[in-house]
Amino acid sequence: MKKIFVTGGSGLVGSFFVENYSKKYQIMAPEYPQIDLTKKETFENIIKEEKPDVILHFAAYTDVSQAESQRDDRSGACWQINVEGTRNLVKLAKEINAHFIHISTDYVFPGSEEDPGPHKESDTPEVNSSKLTWYGFTKAEAERVVNSILGRKRTILRLVYPVRAKYSAKLDYLRKPLSLFDQGKLYPLFNDQQVTISFIDEIGLALQKIIDGKVYGNFHASTPDLSTPYELISYLIEKARGVKGVVKKSSLSPSVRYQKFGGLKVEETEKILGIKFSPWHQVIDQLVANF
Ligand SMILES: NC(=O)c1ccc[n+]([C@@H]2O[C@H](COP(=O)([O-])OP(=O)(O)OC[C@H]3O[C@@H](n4cnc5c(N)ncnc54)[C@H](OP(=O)(O)O)[C@@H]3O)[C@@H](O)[C@H]2O)c1
């Protein structure tokens, strides 16, 4: 049984892994503030003593709006957690020769008209911070830190809008607008923004393949087909609440905050890991069946 040290095990994505894979793996997931990525002394000893086979790094500063108020501030929490915290952890992983799996995001790409998605696994994260959100830039820097320390012995798994049927601590990309709809507060949704979503159950499957096969490289977990927020939420409300034609459309003007042409491609991941990601209609059908 592989021993896995998980960071961010209380979060939206990490908690799914901890809940669903603790019979298959020996999982250690000490939570913040017991471990604080920005304070190496809170996890150095435990990692050196336990010598896990795998370090699975979900933890991050994920509040995209709050992060924007820290733009260019390298002493701010977003940079310290996402970049310096990752650096602390990767160095330790290298020292004990653990398989390091870094969880990243499509936000490392601009998704603009000049550099549109959906992006391939081999595409290079943006280096110009003004083309990304500050959160996205810190995650792009974190990928560069992982690459520079581990080289070819790195594993990076990028996600985009992770969704799951149940998680009470935070509403995800689909359950938030559904909740607003239930309260009669749903705002109009972009019908000209290109997005994909990550089904958290299938993120788990991809991770299982990566862990069991000790696979290195860049991977994506995402629906293979593109959609728009308008299309996704309209279908979700129809399936979950039986109501059609209630969502209003809006248009997205270009901004760094929202990628107009986002999304991730999964062909290389599917080929290497031998899995097939479900298209978005099927993801929503499965979510609604398990709400
Ligand atoms: N959600 C998205 O839309 C999205 C999209 C693409 C990629 N991702 C990536 O997927 C990963 C997981 O995201 P998520 O949505 O599950 O995030 P989340 O729900 O916000 O969870 C973040 C986790 O990190 C922990 N954490 C925060 N600061 C920490 C610190 N200083 N030291 C140790 N742990 C700390 C949090 O602990 P507390 O809860 O105790 O604060 C929490 O367990 C992240 O790497 C994120 O960048 C997310």
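Helices H8 and H10 cross in a right-handed way. The model that shows this crossing is predicted.

**Helices H8 and H10**
- Helix H8 spans residues 229-241, and helix H10 spans residues 280-290.
- Their axes come within 10 Å and cross at roughly 35°.
- On the H8 side, the residues that meet H10 are Leu232, Tyr235, Leu236, Lys239 and Ala240.
- On the H10 side, they are Trp280, His281, Ile284, Asp285 and Val288.
- By class, this contact has 7 nonpolar residues, 1 polar residue and 2 charged residues.

**Helices H4 and H5**
- The axes of H4 and H5 come within 9 Å, with a crossing angle of roughly 15°.
- Angles under 35 degrees count as roughly parallel, so H4 and H5 are roughly parallel to each other.
- The crossing of H4 past H5 is right-handed.
- H4 brings Cys78, Trp79, Asn82, Val83, Thr86, Arg87, Val90, Lys91 and Lys94 to the contact.
- H5 brings residues including Trp134, Tyr135, Thr138, Ala142, Val145 and Ile149.
- The residues of this contact divide into 11 nonpolar, 3 polar and 5 charged.

**Ile149, a residue of H5**
- Ile149 sits in helix H5, which covers residues 134-150.
- Is Ile149 buried, exposed or partly exposed? Ile149 counts as partly exposed, because 17 C-beta neighbours lie inside 10 Å.
- Setting aside neighbours within four places in sequence, Ile149 is in contact with Val90, Lys91 and Lys94.
- Ile149 and Arg87 are 62 residues apart in sequence, yet their C-alpha atoms are 8.4 Å apart in space.

**Helices H1 and H7**
- Helix H1 (residues 14-21) packs against helix H7 (residues 200-213) at an angle of about 65°.
- The axes of H1 and H7 are 10 Å apart.
- Angles of 65 to 115 degrees count as roughly perpendicular, so that word describes H1 and H7.
- H1 passes H7 in a right-handed crossing.
- Phe16, Phe17, Asn20 and Tyr21 of H1 make the contact with Ile200, Gly204 and Leu207 of H7.
- Of the residues in this contact, 5 are nonpolar, 2 are polar and none is charged.

**The ligand shell**
- There are 28 residues around the ligand.
- Which of them come nearest? They are Gly8, Gly11, Ala59, Ala60 and Thr105.
- Helix H4 (77-96) and strand S4 (99-105) each supply at least two residues of the shell.
- The shell has 15 nonpolar, 9 polar and 4 charged residues.

**Cis peptide bonds**
- The bond from Tyr32 to Pro33 is cis, and its omega is near 5°.
- Pro33 lies in the loop between strand S2 (26-28) and helix H2 (44-50).
- Gly117 and Pro118 are also joined by a cis peptide bond, with omega about 0°.
- Pro118 belongs to the loop between S4 and H5.

**Positive phi angles**
- Asn97 is a residue other than glycine with a positive phi, near 60°.
- Asn97 lies in the loop between H4 and S4.
- Asn97 counts as exposed because it has 10 C-beta neighbours inside 10 Å, and the cut-off for exposed is 12 or fewer.
- Lys214 has a positive phi near 45°, and it too is a residue other than glycine.
- The loop between H7 and strand S9 (217-221) holds Lys214.
- Lys214 is exposed, with 12 other C-beta atoms within 10 Å.

Notes
Residues numbered from 1 in each chain as written. Predicted model: local features only at pLDDT ≥ 70, side-chain atom pairs only at ≥ 80, totals over all residues. Near = placed C-beta within 6 Å. Helix = DSSP H or I, 4+ residues; strand = E, 2+ residues; numbered from the N terminus. Nonpolar A, V, L, I, M, F, W, Y, C, P; charged D, E, K, R; others polar. Axes fitted to C-alpha atoms, helices over the stretch in contact; angles between N-to-C directions. Parallel < 35°, antiparallel > 145°, perpendicular 65-115°, else oblique. Left-handed = near helix turned anticlockwise from the far one by under 90°. Contact = placed C-beta atoms within 7 Å. Buried ≥ 20, exposed ≤ 12 C-beta atoms within 10 Å, placed from the backbone.
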